[in-house]
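Hi there,

Here is the structure I promised to pass on.

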Amino acid sequence: MEELSNYPGLNRRSNKWTVRKRVPIDITDMYKSETISRSLKTENLEEAKKRYHIVMLELESEFDQKRKAKKHQADNDQLSKFSPASLLGLAFEWYKECHDKLTKVQEHNIVTQYSAEDIAIHLDEARIENQKYVDALQQNDYEVIYATAQTWLNNKQISFNTASKSYSLFCHYLVKAIRFSIENDIQELTGHSVTQTVPPIFADIQHTPLSTAVGQPAPMPLTDLLDKFLNQAERKKITNKSNEHYRIIVHRLNDFANKPLYIHEVTRSFLENYRDALSLYPSRAHIEYKGKSFHKVLELSKNVDTQRMGVKSINTHIHALHALFEYAELNDYISKNPVRKLTLSDEVADKDKRDPWPVSKLNQIFTMPLFTNAADKKFKSSKYDKALYWFCLISLWAGMSKKEISQLQPNDLQEEDGVLYLDVVNRPEFNAKLKNAYRARRIPVHHELIKLGLPAFFKSRADKTWLFYELDNTSKNGRSHYIGKRFSDLTKKYGIKLDKCSFHSFRHNYRDALRETEMNKDIQYALGGWSSGEKKNVADNYGSGYSLSKLNENLQKIGYKGLDLSHLHNK
């Protein structure tokens with residue numbers, strides 16, 4: 001029976017099978033929960049598996065509809081894209097137009113003489129009118145100005161939603177302006193001189209250019225820019241994980257600002273402050289401070305001994321924002337990309353970030369109870385142990401990363417001209433993509449792995465979709481996440497852990513073993529899936545690379561002096 005790990009989110013509840021999926025971060029505000037569940041309406045597992053993919057597609061379709069609805073709502077409410085300062089400027093534009101019209105009327109009727117009775121009537125009307133606007137301000141009910149506001153906005157071709165906060169604030173400014181004008185009229189009708197001709201709310205902007213001029217395009221929210229960026233035709237082949245990565249970064253930037261940002265608000269100084277704040281941000285905040293705002297996390301973790309975001313993680317944020325604003329600049333949404341040259345310099349060279357395991361430590365690793373089944377009170381077995389057993393051996397002797405090993409399928413062990421090899425391929429249909437094009441390669445199976453029983457292990461799982469079917473898929477690190485965690489836990493428990501060594505260090509051991517043979521560097525790169533970093537010429541693009549027999553001839557030369565795995569042979 002195919003394992004449930006191939007059906008992430010499938011679970012049983014009240015004798016019925018259901019599927020649960022996390023709501024994408026860009027539309028979480030349209031749901032009451034961060035996850036959404038759907039009943040598959042069956043108690044039968046096989047039937048649930050058949051319905052699983054249909055329901056998952058339906059959920060993806062629902063998410064797309066929500067995005068379209070959100071965008072449609074935004075397109076039909078341009079006024080909500082205006083900042084409070086821009087709304088004030090818009091109200092001032094309205095006031096100036098009304099004031100200019102009134103001035104022309106007064107100039108036309110300047111010779112008109114009013115009797116004391118006429119003045120008394122006008123004064124009563126003005127006081128009654130003024131009271132309407134006083135009441136509107138006291139009750140925060142601006143319906144008295146709705147007709148005027150809507151007519152003016154429609155003439156300016158600015159869409160709006162009467163239920164939005166922006167519309168209410170705009171009307172609030174208009175009411176205050178009208179009340180000021182009426183009170184000036186009352187002053188004149190009662191024989192007093194008027195000293196102030198511009199409403200106080202416009203005092204600071206009457207001589208300054210408006211930040212958002214009427215008739216100009218409304219400011220673009222950062223989330224709208226992100227949608228345009230992710231919907232580019234050339235990004236259709238990009239994985240959902242990569243797109244979600246961009247959404248998380250934009251969400252965090254908005255969280256840092258305590259509001260949804262517009263692209264013109266993302267200035268150089270703002271980004272420098274954000275970058276500095278990231279250096280104080282806990283690397284596991286999403287777990288340790290789940291649901292807390294950016295600044296609350298900084299406050300709670302200020303005096304806590306916890307790991308902070310490293311230079312590499314911070315630069316990953318900066319690179320993503322650079323790509324986003326580079327797109328904005330190329331499409332004339334902004335005049336200059338504010339993210340240029342904003343990355344931090346990493347004082348630790350890449351080669352110094354991970355060390356290979358010393359041979360003494362390798363011998364300790366391969367004599368842990370995981371490999372020997374020795375009785376040990378400290379050792380508690382895990383469902384991942386069988387997989388971890390082979391992950392360590394394959395990585396050491398084939399140089400494969402955790403992710404590459406996790407994506408192996410039983411038919412990836414193949415034979416050609418008497419040479420057994422592992423076929424490392426992209427699997428986009430399973431959302432299992434390799435890091436880059438160089439990682440797709442054929443790796444001959446080292447004779448040590450044959451002695452250890454790797455071919456028999458592949459054969460024992462021939463009826464499974466995945467070679468390591470027991471692995472759970474995670475949104476962060478795919479199918480290999482818990483392997484790395486289990487390995488780290490065990491090396492700590494048995495005193496093997498070193499600061500600059502991790503599971504990935506096996507790949508560094510493999511790289512050193514290739515160097516020790518003094519084989520051709522190009523063959524080393526082909527076996528490890530590395531880029532030489534050199535620019536190719538036309539001739540390099542021809543041919544299909546080294547033959548399998550040539551690769552095998554060189555791979556069989558590697559070894560680890562002092563490492564003894566004889567206790568694992570034919571286990």
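A contact here means that heavy atoms lie within 4.5 Å. By that criterion, and leaving aside residues up to four places away in sequence, Met309 touches Arg252, Leu278, Ser279, Tyr281, Pro282, Ser283, Ile314 and His317. Please keep in mind that this is a predicted model.

Where does Met309 sit? You will find Met309 in the loop between helix H10 (294-301) and helix H11 (311-330). Met309 counts as buried because its relative accessibility is 10%, and buried means under 20%.

Now to Lys312, which lies in helix H11. Is Lys312 buried or exposed? With a relative accessible area of 63%, Lys312 is exposed, since the cut-off for exposed is over 50%. Together with Arg354, Lys435, Lys492 and Lys497, Lys312 forms a positive surface patch.

As for the chain as a whole, there are 21 helices and six strands. Of its 571 residues, 41% count as buried. The chain exposes about 32,700 Å², with carbon and sulfur atoms supplying 49% of that area.

Note on methods. Residues are numbered from 1 along each chain as its sequence is written. This is a predicted model: local features need pLDDT of at least 70, side-chain atom pairs count only at pLDDT 80 or more; totals for chains, interfaces and linings use all residues. Side-chain values use heavy atoms; hydrogens and water are left out. Helices (H or I, at least four residues) and strands (E, at least two) are DSSP runs, numbered from the N terminus. Buried means under 20% relative accessible area, exposed over 50%, partly exposed in between (1.4 Å probe, protein chains only). Patches are made of residues with over 30% relative accessible area and no salt bridge: like charges are joined within 9 Å, nonpolar side chains (Val, Leu, Ile, Met, Phe, Trp, Tyr) within 5 Å. Accessible areas come from the Shrake-Rupley method with a 1.4 Å probe; for residues, only the protein chains shown count as cover. A salt bridge is a side-chain nitrogen of Lys or Arg within 4 Å of a carboxyl oxygen of Asp or Glu. Lys and Arg count as positive and Asp and Glu as negative; His and the chain ends are not counted. The place of a charge is taken as NZ of Lys, CZ of Arg, CG of Asp or CD of Glu.
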